[in-house]
Amino acid sequence: MSTNNNEGIIILRDVHKWYGDFHVLRGVSFSMHTGEVLVICGPSGSGKSTCIRTINRLEDHQKGQIIVDGIELTNDLRNIEAIRRDVGMVFQQFNLFPHLTVLQNVSLAPFWVLKMKKSKAEEIALQLLERVGIPDQADKYPGQLSGGQQQRVAIARALAMSPKIMLFDEPTSALDPEMIKEVLDVMKELARSGMTMIVVTHEMGFAREVADRIIFFDYGQIVEENTPEDFFHNPQHERTKLFLSQILDY
Amino acid sequence: MDETRKRSHTYGDDELPPPIERIPVLRWLKENLFSSWFNAILTVVFTVFIVVLLLGLGKWALGARWEVIPANLKLLLVGTYPLEDIWRIWTTLYLISFLVGSAGGSRGGLMRQISMTIAIVSVVLAILPFGLMTRGWILGMGASTGIGFLLGHFGKRFRRYKHIEIGLWVLSLPVTIMLVNGISGLLPVVEGRNSWGLMLNIIGAIVGIALSFPIGILLALGRRSELPAIRLICTAYIEIIRGVPLITLLFMASIMLQLLLPSNVRPDLLIRAMMTITAFEAAYMAENVRGGLQAIPKGQYEAANAVGLNKLLTTTLIIMPQALRLVIPAIVGQFISLFMDTTLFGFIAILELLHISRSIMGNVQWRGTIFELYVFIGVVFWLACYSMSYISRRIEKSLGVGER
């Protein structure tokens with residue numbers, strides 16, 4: 001595939017980004033290898049969402065280097081399109097296409113981007129809907145589903161492109177409490193199947209159980225990077241300790 | 001929302017249906033029309049006013065010279081179109097009613113309703129005292145709708161049928177124009193096409209709608225383009241056109257264009273008028289479509305990008321269908337006003353329905369039939385515009401499925 005795969009499937013080197021004068025990302029560097037599950041947490045506004053959105057270029061970075069699967073992200077459209085085919089993304093607000101049925105939502109990209117036959121694309125879509133546990137909703141429209149079901153459709157839609165990497169941007173933050181579990185269960189199954197995943201989340205239970213590594217973000221920088229074990233029981237930085245005490249006390 | 005629960009709700013033991021309020025007629029009258037002295041006086045005064053108005057209208061309507069309408073019907077509908085060529089218009093109508101019938105048979109729903117309406121109307125019209133020949137032509141329209149319907153009903157099982165149907169619809173516009181106008185070499189060209197009555201309004205509106213819609217979409221996209229040159233050109237075009245009344249543009253097209261263009265380039269007056277109305281309506285269409293585009297949340301673009309769709313696919317598959325659905329009422333409103341704007345053609349010597357009626361009013365034989373003719377024109381336009389708005393409501397409803 002690529003020459004520097006041994007270095008990692010995702011590499012960020014000193015990535016900076018500004019929104020106008022506001023310095024959102026202040027020199028973020030990390031790398032991941034295939035099959036790893038990385039959880040990013042931190043207070044809101046700390047730049048964690050922006051950070052994963054630079055990985056499939058929904059946001060551009062102004063300084064530093066991002067290499068995904070051996071391809072460096074630049075303004076070159078072909079590179080961006082190639083990387084987007086390999087990187088799936090799940091959003092906080094689901095962002096399903098409301099005018100298309102669930103089956104069309106999932107089979108759209110394989111049909112139009114991968115130029116699959118329609119029957120083949122729909123077959124794959126149905127398999128994925130089965131995998132996320134909602135094969136019986138295939139002909140409904142997103143507006144007719146619950147939040148948890150919509151988010152699972154969104155996961156199936158991303159998986160339909162057979163991505164090498166999956167990005168989750170606060171996938172459970174917009175859900176009612178009783179629906180969080182069904183989405184986390186799907187993500188857990190995905191992690192066990194060996195998918196490379198970056199998950200921005202506040203679900204500490206999920207982080208503890210599934211993550212290989214946890215990154216703590218504050219003010220656009222990585223404050224702490226640790227294994228779940230050490231992150232929860234032996235945090236190194238005061239900021240991390242404060243965050244954990246605020247989030248875990250309830 | 002759980003759709004099935006909403007539809008078939010049954011009340012459990014401890015649940016109660018909502019209370020039903022019954023209001024007697026007298027109480028309704030008292031509460032709404034005679035609640036105070038002032039309201040009572042208003043009610044009485046307006047009732048008297050309306051009754052007087054209706055009596056006057058009824059008296060006039062009974063004594064009016066309605067014979068002016070049937071006597072001039074051919075002139076009103078197709079103007080000076082030569083009688084020996086009138087089969088071309090009927091053929092066009094047959095083609096279209098066949099297509100409508102076929103769509104009704106293969107798709108059902110709204111198209112079925114429209115084909116039923118055509119069939120019923122043609123039977124009803126055939127009962128009216130037209131000439132034998134005309135009755136035959138009218139009945140033929142119902143028949144071609146029926147044939148289309150049957151073909152569509154049985155043809156829909158073939159996979160390609162609906163694709164062929166769409167292709168035929170696209171072809172129908174140029175074919176119609178060629179048939180009605182004639183085409184050099186195949187069908188003799190019909191002369192005097194600037195005085196074809198209602199037919200000009202209809203052709204003008206259909207051409208205007210069919211062309212201004214896609215052009216408007218492109219202008220709207222252009223105005224939101226990331227390329228400054230394209231954005232500037234589209235914005236300038238839209239703002240300039242929207243700043244000038246249509247009638248001014250029509251005068252410019254009819255008179256000024258002659259002065260500006262070289263003398264050997266002389267596009268037909270009717271073509272110039274249709275180009276003008278298209279250019280004019282496209283600017284308004286662009287703003288309507290842009291309104292819809294602005295209502296689409298950013299997340300839709302992001303999701304489309306994230307699954308790897310490029311710009312063209314994102315626009316055509318994700319953004320445009322949602323944007324257009326949002327602005328259907330505005331777009332149909334514009335189609336309706338476009339249809340009515342075709343009466344302005346009369347001011348540049350194109351005798352459409354309104355202005356051909358004025359030539360009838362000027363005829364000594366029909367002196368004093370102004371109101372009869374205006375009522376007729378009003379009814380024709382109302383029927384056409386109301387049908388459009390009815391169809392738009394039906395489309396909105398059928399597209400509303402699964403809306404957020």
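A:Asp76 and A:Arg78 join their side chains in a salt bridge, 3.4 Å from N to O. A salt bridge here is a side-chain nitrogen of Lys or Arg within 4 Å of a carboxyl oxygen of Asp or Glu. A:Asp76 is partly exposed at 29% relative accessibility, and A:Arg78 is exposed at 63%. Buried means under 20% relative accessible area, exposed means over 50%, and partly exposed is in between (1.4 Å probe, protein chains only).

This is a predicted model, in which local features need pLDDT of at least 70 and side-chain atom pairs count only at pLDDT 80 or more, while totals for chains, interfaces and linings use all residues. Residues are numbered from 1 along each chain as its sequence is written, chains are lettered from A and ligands numbered from 1 in the order in which they are written, and side-chain values use heavy atoms, with hydrogens and water left out.

**Salt bridges**

- The whole structure holds 30 salt bridges over all chains.
- Side chains of opposite charge can pair when their charged atoms come close.
- B:Arg193 and B:Asp268 form a salt bridge of 2.8 Å, N to O.
- B:Arg193 lies in the loop between H8 and helix H9 (198-223) of chain B, and B:Asp268 in the loop between helix H11 (246-260) and helix H12 (269-294), so this pair ties together parts that are 75 residues apart in sequence.
- B:Asp268 is partly exposed, with a relative accessible area of 23%.
- B:Lys298 and B:Glu302 also meet in a salt bridge, at 3.5 Å from N to O.
- Both B:Lys298 and B:Glu302 sit in helix H13 (residues 298-306) of chain B, four residues apart, about one turn of the helix.
- B:Lys298 is exposed at 59% relative accessible area, whereas B:Glu302 is buried at 10%.
- Salt bridges with shared partners link A:Lys17, A:Arg53, A:Glu59, A:Asp60, B:Lys298 and B:Glu302 into one network.

**Positive patch on chain B**

- B:Arg112, B:Lys156, B:Arg157 and B:Lys162 form a surface patch of positive charge.
- Patch residues have over 30% relative accessible area and no salt bridge; like charges are joined within 9 Å, and nonpolar side chains (Val, Leu, Ile, Met, Phe, Trp, Tyr) within 5 Å.
- Lys and Arg count as positive and Asp and Glu as negative, with His and the chain ends not counted.
- Each charge is placed at NZ of Lys, CZ of Arg, CG of Asp or CD of Glu.
- B:Arg157 is in the loop between helix H7 (132-155) and helix H8 (161-181) of chain B.
- B:Arg157 is exposed, at 64% relative accessible area.

**Cysteines**

- The count of disulfides over all chains is zero, with a disulfide taken as a pair of cysteine sulfur atoms within 2.5 Å.
- B:Cys234 is buried, with a relative accessible area of 10%.
- B:Cys385 is buried, with 10% relative accessibility.

**A:Phe97 in chain A**

- A:Phe97 is in the loop between strand S6 (87-90) and helix H3 (102-112) of chain A.
- Its relative accessible area is 0%, so A:Phe97 counts as buried.

**Chain B overall**

- Chain B has 17 helices and zero strands.
- Helices (H or I, at least four residues) and strands (E, at least two) are DSSP runs, numbered from the N terminus.
- Its C-alpha atoms fill a box of roughly 80 × 65 × 50 Å along the principal axes.
- Of the 404 residues in chain B, 38% are buried.

How values were computed
Areas by Shrake-Rupley, 256 points an atom, 1.4 Å probe, with all protein chains shown as cover.
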